Amino acid sequence: MESPEEKDPEITHLIDEAEKVKVIQMNDEGVKQLLANLTQKYKRNMDLRLKFQANPEKFAESEADLNAELKNTQMVTAYPDLLLSFVGYRGVDLFMDILGHENTDIVIGVVSILKELSEGDIILAAKDNIQFIEYLISKEVPKLLIDTLERLDLKRDEDLEGVYNVLCTLENIADCKPEMCDYYFTQDKLMAWLFKYITSEDERELNDAKICSCEVLSIIIEHSKDAKESLGQSKSLLEILKEVHRRCTGEYESSEEYINDLFNIICCCLLSNEGKETFRKYEGIELMLKLMKCGLKVRRCALKVLDFALSNTPVSCKEFVNVLGLPFLFAIFMKRGYRRSGKLRVSEAELRKDEEYAVSLVWYLLKYCKGVDHDRVIYKFKENSCDKVQRLADMYEEYVDAYNKYVDIVSGVEDEKERESIYIEETNNGLYTFQVISVVIGMLLLEKDPQILEALSDHIANKKIRLDGVIKGIKEYLAHTENKEGSREYEILKEMLETLEKDLSKKKTESVPG
């Protein structure tokens with residue numbers, strides 16, 4: 001039997017080793033010590049690598065030590081108030097050196113820490129932490145990260161995690177400094193890598209790295225004017241449209257976040273006339289109509305794209321009618337497919353957003369379509385005993401409260417900037433939809449079609465639609481429209497107001513006893 005004095009040699013060794021380890025207190029001095037330890041391990045590993053280039057076994061242990069020290073250094077991510085100490089003790093400079101390490105596992109460890117240190121909650125935790133992001137930019141760390149992407153193997157799980165962390169870090173930097181998106185766009189290697197990874201048919205698996213790559217591209221396109229214009233004029237837009245089709249139709253695996261980012265990229269491209277032309281050339285309108293059948297969430301995204309595509313674009317409105325878009329649009333206008341067994345399949349907010357898109361598209365078509373195309377739009381309001389006019393009257397009743405609420409809020413506000421801020425907020429709460437409903441009613445009254453006029457007159461007579469309310473909605477829309485005097489929209493609205501105000505004045509005169 002072993003005496004109490006005798007000890008297991010292995011246990012004795014572990015105790016001796018543990019006593020050598022100094023617990024680092026996480027303060028300014030602790031950060032300094034962490035980085036000193038990491039520097040020591042890095043230099044030893046590099047010295048052995050240089051000395052024994054042909055014999056990896058000679059430097060394998062030092063590499064494992066370096067990797068372990070990186071994991072120790074990761075504890076600094078739990079102390080946001082020490083971030084500037086990390087910078088001051090040249091932690092970023094040390095990381096830049098290690099990013100060039102031949103072993104990508106070591107590189108991935110560095111990127112993981114950079115990703116955590118650049119997270120929004122860390123940066124916002126102390127008022128001066130933004131200096132960390134600024135220092136990363138000044139030392140061209142984003143360029144080093146972009147170079148790192150090409151070194152990582154997408155077929156290897158560990159590398160795939162590294163790709164994700166690189167992309168997250170680039171995104172974190174852009175979140176703090178959106179102007180970096182212009183820089184990202186100038187980096188041809190990054191843009192080529194993103195487009196290839198997102199649109200390649202060989203990369204079908206949908207993982208965190210793929211989702212993040214699409215989000216990064218979406219952010220770049222959204223914040224960089226040059227990126228919008230370039231993509232809108234290139235074949236890359238066609239590749240994005242193909243990827244949307246593959247993901248939305250179930251050909252490939254998908255996720256809501258990934259699809260939303262793809263659609264956002266398309267919308268950004270449609271902010272320029274060149275982008276709209278390219279979108280038409282690649283049959284984007286037809287694709288959006290096809291995607292209307294792929295579920296209500298995809299339908300909403302497709303509606304948003306069409307809203308961008310048809311806005312201020314007569315040729316797109318004409319094509320929309322010619323490729324048989326009216327049945328799809330008016331089915332949504334009439335709220336078909338939104339209920340199952342009497343229950344609403346979407347939230348009220350989602351339904352209202354779809355209604356906003358639908359009535360906006362109707363307004364674009366009424367405004368820009370001519371001849372036979374215009375007649376086809378008008379006919380939709382006449383068919384089925386003018387049920388679309390009935391729906392329009394119902395929508396007026398539903399959304400007039402949004403206008404009344406807005407008037408009540410701003411009535412006591414004199415500051416112009418505050419009034420504008422309130423207006424922007426209330427447009428998202430139904431005010432804009434009410435304005436467009438008013439404009440569509442006004443447009444239909446201008447048509448002077450006997451069947452439509454009779455239907456509208458009935459609703460005006462029974463106070464379902466109030467002519468003075470329609471006029472107020474049109475005036476509010478006109479006051480905030482970007483179209484200046486002399487534009488087609490401006491002239492239509494002015495004529496509309498003059499005609500309706502005369503009609504209203506006439507009705508008031510007729511109602512006064514003689």
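**View 1. α18 passes α20 in a right-handed crossing.** A crossing is called right-handed if the near helix is turned clockwise from the far one by less than a right angle, and left-handed if anticlockwise. This is a predicted model, so local features need pLDDT of at least 70 and side-chain atom pairs count only at pLDDT 80 or more, while totals for chains, interfaces and linings use all residues. Residues are numbered from 1 along each chain as its sequence is written, and side-chain values use heavy atoms, with hydrogens and water left out. Helices (DSSP H or I, at least four residues) and strands (E, at least two) are DSSP runs numbered from the N terminus. Here, α18 covers residues 284-291 and α20 covers residues 314-322, and the two pack at an angle of about 50 degrees with their axes 10 Å apart. The axes are lines fitted to C-alpha atoms, for helices over the stretch in contact, and the angles run from 0 to 180 degrees between N-to-C directions. That makes α18 and α20 oblique to each other; angles under 35 degrees count as roughly parallel, over 145 as roughly antiparallel, 65 to 115 as roughly perpendicular, and the rest as oblique. I285, E286 and L289 on the α18 side meet S316, E319 and F320 on the α20 side, where contact means heavy atoms within 4.5 Å. Sorted by class, that contact has 3 nonpolar, 1 polar and 2 charged residues. For the classes, Ala, Val, Leu, Ile, Met, Phe, Trp, Tyr, Cys and Pro are nonpolar, Asp, Glu, Lys and Arg are charged, and the others, Gly among them, are polar.

**View 2. α12 passes α13 in a left-handed crossing.** Helix α12 (residues 188-199) packs on helix α13 (residues 208-223) at an angle of about 130 degrees, with the axes 10 Å apart. This pair is therefore oblique too. From α12, the contact takes in L190, M191, W193, L194, F195, Y197 and I198; from α13, it takes in A209, K210, S213, C214, V216, L217 and I220. The class tally for α12 with α13 is 12 nonpolar, 1 polar and 1 charged.

**View 3. T199 sits in helix α12.** T199 is buried, with a relative accessible area of 11%; buried means under 20% relative accessible area, exposed over 50%, and partly exposed in between (1.4 Å probe, protein chains only). Skipping residues up to four places away in sequence, T199 touches E239, I240, E243 and R246.

**View 4. Helix α19 runs from residue 296 to residue 310.** Its 15 residues reach 21 Å from first C-alpha to last, close to the 21 Å expected at 1.5 Å a residue. The expected span is 1.5 Å times one less than the number of residues. With 12 of its 15 residues buried, α19 is largely enclosed by the rest of the structure. Among the buried residues are the charged-class side chains R299, R300 and D307, along with L296, V298, C301 and L310. After α19 comes N312, with a positive phi near 55 degrees.

**View 5. Helix α6 takes in residues 104-117.** The buried set includes T104, I106, G109, S112, K115 and L117.

**View 6. S438 belongs to helix α24 (residues 416-447).** Its relative accessible area is 0%, so S438 is buried. Neighbours within four places in sequence aside, S438 is in contact with G469, V470, G473 and I474. L145 is another story: S438 and L145 are 52 Å apart, C-alpha to C-alpha, and 293 residues apart in sequence.

**View 7. K32 is part of helix α2 (residues 28-51).** K32 is partly exposed, at 40% relative accessible area. K32 and K281 are 59 Å apart, C-alpha to C-alpha, with a sequence separation of 249 residues.

**View 8. S341 and K463 are loop residues.** Most residues other than glycine have a negative phi. S341 has a positive phi, near 55 degrees, and lies in the loop between β1 (339-340) and β2 (343-344). S341 counts as exposed, at 75% relative accessibility. K463 has a positive phi near 70 degrees and lies in the loop between α25 (450-461) and α26 (467-480). With a relative accessible area of 53%, K463 is exposed.
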